[in-house]
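Hi,

Here is the model you asked about. Please open it next to this note; what I found follows below.

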There are 2 protein chains.
Amino acid sequence: ARPKVGYYYTGKNALSLFTEQISRIKVQDVQSVPVVVTVVTSAYDAVVTMFLEDVGSVFVVEPGGILAGVVSRKDALKVAMGGSDLHKMPVKVLMTPVPKIIVTSPDESVLMAAKKIIENEVDSLPVVSPVSQGGNKAQEVVGRLTKTNIARLFVELGEGRGGNTYS
Amino acid sequence: ARPKVGYYYTGKNALSLFTEQISRIKVQDVQSVPVVVTVVTSAYDAVVTMFLEDVGSVFVVEPGGILAGVVSRKDALKVAMGGSDLHKMPVKVLMTPVPKIIVTSPDESVLMAAKKIIENEVDSLPVVSPVSQGGNKAQEVVGRLTKTNIARLFVELGEGRGGNTYS
C-alpha cells in the first residue's frame, strides 16, 4: 500500500484532514482473530490457551460463540500468586463476566475503541455483534481489538501507509 | 491543547504531512515513569510491585539505576503456573537479562520505538540513557514506553490534539 500521490488538499490543515481520515478507519479494518475457550473449561486450560496462542487475554464463550467473560494475564497471575489451584478452578470463577466487560463492534471507529481501551485500562476489547438468544439480546464474539492492533495502525499511518488501505 | 487553526498547507497530501509530523514526536514526549526493583529482590516482590503499581512489566536495576533486566506479567505467569515458589526465587532467575532486552532512548522517534514494540512482540521498552560504569558502557533507566503510551498518542492525534503538544 503506497501513500496517495498527486492528491492535493487546500484550505484545511494537515491535522484536521488526518483526523477525518482516522475517523473513517473501523475496528473491522484492524481487528485480530479472537481466541476463545468455552464456559465449561478449567481456569488452567484457559491460561494454557493464552500461552499456546500467545495472547494477553482469552474470551470465554457459551455455545454459539456468545460472550460470557474475559480472562486476562493479570487476572490469572493474581490468582496463581494467591496459591489457588487453577486445575480445580472453573474458568467462570477466574473470568470477568458479562456485563462488566467493555466491548466494541466491527463498525465502530478504531478511534472510539482506542478511547475505550485507554479509559477503562484494559489491554483488549472483544469485538461483538448483537444476536438474539431465546428472545434475549446477546453478543456473539467476532473479533479481538488489542493495543497491539492500535500500535500497528499507528506505525502504518506514521510510515505513510494506510491512505489506500483504510480509505 | 487545541488543533492549529488558520494554518493552511498546499502542495502536499495530508498523509505525508502527517507522516512528517509524527516523525518529530519523540519518546520523551510520551513516555511514562519507570517502575523498578533492585537485582537483590525476590521474584515474588517484583510481581507484587507489578500489581501495586498496576504495570505490565517492571525493570530490574543495579545501583545507579543501571538496567539489568525486565520482568513481564507473561514471564511471571509462566513461572507461577509451573508451580515454582516465587518467594524463594531471586528476581534474576525470573527476569529477561541485558543484553537480550530491546530498549529505546528519550530522543528516538515514537514511530521507531513503536516499530520495535511490534516487531519484537513486547509490551513495553525501557527508555535508557548511556552512562559509563567503571569504564564500561551501561544503560541508565530513565523511562518506560508502553503500548498504552502509543494508543494514547493515537487517540490524541485522532482527536486533533497533538498539533500543539508535540510540534
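How many bridges join strand E5 of chain A to strand E6 of chain A? Ten, and the two strands, residues 124-133 and 136-146, run antiparallel. Strands here are DSSP runs (E, at least two residues), helices are H or I runs of at least four, and both are numbered from the N terminus. Strands pair if DSSP finds at least two bridges between them.

First, the ground rules. This is a predicted model, where local features need pLDDT of at least 70, side-chain atom pairs count only at pLDDT 80 or more, and totals for chains, interfaces and linings use all residues. Residues are numbered from 1 along each chain as its sequence is written, chains are lettered from A and ligands numbered from 1 in the order written, and side-chain values use heavy atoms, with hydrogens and water left out.

Back to the hairpin. Pro126(A) stands opposite Arg144(A) in E6(A). Two residues lie between the strands, and Gly134(A) has a positive phi near 60°.

Next, helix H6 of chain A, residues 110-120. Its buried residues are Val110(A), Leu111(A), Ala113(A), Ala114(A), Ile117(A) and Ile118(A). Buried means under 20% relative accessible area; exposed is over 50%, and partly exposed is in between (1.4 Å probe, protein chains only). Seen down the axis of H6(A), these residues fall within an arc of 165°, so they line one face of the helix. The arc is taken from the directions from the helix axis to the C-beta atoms. Just after H6(A), Glu121(A) takes a positive phi of about 55°.

Now chain B. Ile150(B) sits in helix H7, residues 147-158. Ile150(B) counts as buried, at 1% relative accessibility. Leaving out residues up to four places away in sequence, Ile150(B) touches Ala151(A) and Phe154(A), as well as Val110(B), Ala114(B) and Leu145(B). Contact means heavy atoms within 4.5 Å.

Thr41(B) is in the loop between strand E1 (36-38) and helix H3 (43-52) of chain B. At 15% relative accessibility, Thr41(B) is buried too. Beyond its neighbours within four places in sequence, Thr41(B) contacts Pro90(B) and Val91(B).

Best wishes
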